[in-house]
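I opened this notebook to record what I looked up in one structure.

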Amino acid sequence: QSIPFFIGFIALEFAVSWVQIGKLAGRINDGISSLSLGILSRLPDVLFRSIDLISYVYVWDNYRLFELPWHSPWTWYLTFLGVDFAYYWFHRISHEVNLLWAAHQIHHSSEDYNLFTALRQSLLQRYTSWIFNLPMALFIPPSVFAVHLQFNLLYQFWIHTEVITSLGPLEFILNTPSHHRVHHGRNPYCIDKNYGGTLIIWDRIFGTFEAEDAKVVYGLTHPVNSFEPILLQLRPLAHIWNTFWATPGFCNKLSVLFKGPGWGPGKPRLGLPEEIPVITGKEVPYNPSVPAYLNCYAVVHFAVIVDLYIDLLATVTMLSQGTALLRTGIMILSLTSFGLLMENRQDVKHVFFSFLVMPKAGILEFIRCSIFLCIYKLGYLRSKLSFLDYSYEVRHLFLITYAEDTSNLLFKKKIKQP
């Protein structure tokens with residue numbers, strides 16, 4: 001239900017940015033990457049129940065100490081503070097424990113800062129965040145908790161923007177775009193600051209607050225330089241895996257997992273601040289050159305996948321498990337293919353198995369379009385709007401032809417190289 005509002009606010013941000021500075025507030029490749037990661041992070045909801053609510057209800061049913069009245073305003077005020085307090089500590093620990101940072105850093109991997117970035121979420125993060133909410137299950141009803149959990153997440157959408165500068169006195173209490181821009185920065189003064197969700201008071205109390213000062217440069221201190229969603233999810237885990245086995249000593253290996261991402265033998269728990277790369281102001285975001293027609297191609301077909309994703313969420317209870325899995329699989333394949341197209345690379349090695357080489361982007365897109373068309377013709381992806389049936393078919397026939405031509409062109413280009 002929130003998706004139309006997301007789209008509306010993104011359009012509004014683009015319009016305001018165009019009026020303010022004469023350009024749009026984002027790039028096609030980074031925007032598609034962020035939305036792909038957002039879709040990917042929600043796909044488990046198609047197949048499984050939310051671990052946040054399952055665990056909470058279980059503790060409530062079996063271990064609650066007492067029950068606050070759900071209709072009391074004080075219960076709602078307390079839950080508002082409790083959910084935000086729990087989020088602060090979960091968020092802070094996600095930056096200070098390497099194993100949790102491997103999941104959370106997906107949200108920080110964009111080098112743009114706009115409302116697309118708000119939707120750039122981790123597939124794995126939800127499997128650790130639920131633990132921090134369990135103490136509230138001892139006395140706060142699940143229905144009240146569920147409302148505030150959603151509110152806390154939805155609030156954080158609008159603060160991912162540069163078009164809002166300052167909110168005056170509200171900056172002392174609320175987490176605002178200015179405060180959250182600092183949190184997403186890789187400037188040394190921005191690292192590990194401003195963890196709040198809705199309120200900024202926790203950062204002021206626990207000493208992690210930092211006001212926006214020098215121009216913020218966004219992204220990770222060591223940029224990933226990729227738009228492919230599966231690789232973005234798995235590469236941090238692969239780095240931890242390799243570091244774990246390369247680090248001598250059992251205690252040091254445990255430190256690789258549970259100390260900060262900047263830790264190393266002989267260093268403080270969170271690493272050395274002087275090792276954070278210096279910001280020169282000349283940093284250029286990862287932005288491979290891609291022909292305009294390829295951008296149009298990706299946008300049009302990504303819109304088709306978004307339509308299928310929304311339809312899947314709306315009809316999942318009426319689908320068989322096999323159909324839901326099939327639709328989920330084609331979405332993951334599509335998002336992966338779009339990421340590789342936006343990178344314009346010849347080939348990509350798998351993040352874990354260096355001997356496994358993915359097909360060239362054009363060939364993979366040809367395979368994807370062929371599979372998509374077959375599944376569509378069998379009726380598993382049929383649109384609710386019957387007049388779109390022929391347009392889908394014509395579009396995919398065109399895409400298959402384009403993908404084949406692209407792969408041939410890439411092959412000839414490679415042959416001509418010395």
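I began with Asn287, which is found in the loop between H13 and H14 (helices, H or I of at least four residues, and strands, E of at least two, are DSSP runs numbered from the N terminus). The model is predicted, so local features need pLDDT of at least 70 and side-chain atom pairs count only at pLDDT 80 or more, while totals for chains, interfaces and linings use all residues. Residues are numbered from 1 along each chain as its sequence is written, and side-chain values use heavy atoms, with hydrogens and water left out.

I looked up the exposure of Asn287 and found it partly exposed, because its relative accessibility is 45% (buried is under 20% relative accessible area, exposed over 50%, partly exposed in between, with a 1.4 Å probe and protein chains only). Leaving aside neighbours within four places in sequence, Asn287 is in contact with Arg27 and Asn29 (contact means heavy atoms within 4.5 Å). I also noted that the C-alpha atoms of Asn287 and Asn225 are separated by 8.5 Å, although these residues are 62 apart along the chain.

Asn295 counts as buried because its relative accessible area is 18%. Beyond its neighbours within four places in sequence, Asn295 is in contact with Ile28, Val290 and Met342.

Ile240 is buried, with a relative accessible area of 5%. With neighbours within four places in sequence left aside, the contacts of Ile240 are Asn98, Leu99, Ala102, Val256 and Leu257. I recorded 9.9 Å between the C-alpha atoms of Ile240 and Lys253, which are 13 residues apart along the chain.

I then asked which residues make the nonpolar surface patch of about 410 Å². They are Leu99, Phe250, Leu254 and Phe258. Patches are made of residues with over 30% relative accessible area and no salt bridge, like charges being joined within 9 Å and nonpolar side chains (Val, Leu, Ile, Met, Phe, Trp, Tyr) within 5 Å. A salt bridge is a side-chain nitrogen of Lys or Arg within 4 Å of a carboxyl oxygen of Asp or Glu. Accessible areas come from the Shrake-Rupley method with a 1.4 Å probe, and for residues only the protein chains shown count as cover. Helix H13 (residues 250-258) gives the most to this patch, with three residues. Leu254 lies in H13 and counts as partly exposed, because its relative accessibility is 35%.
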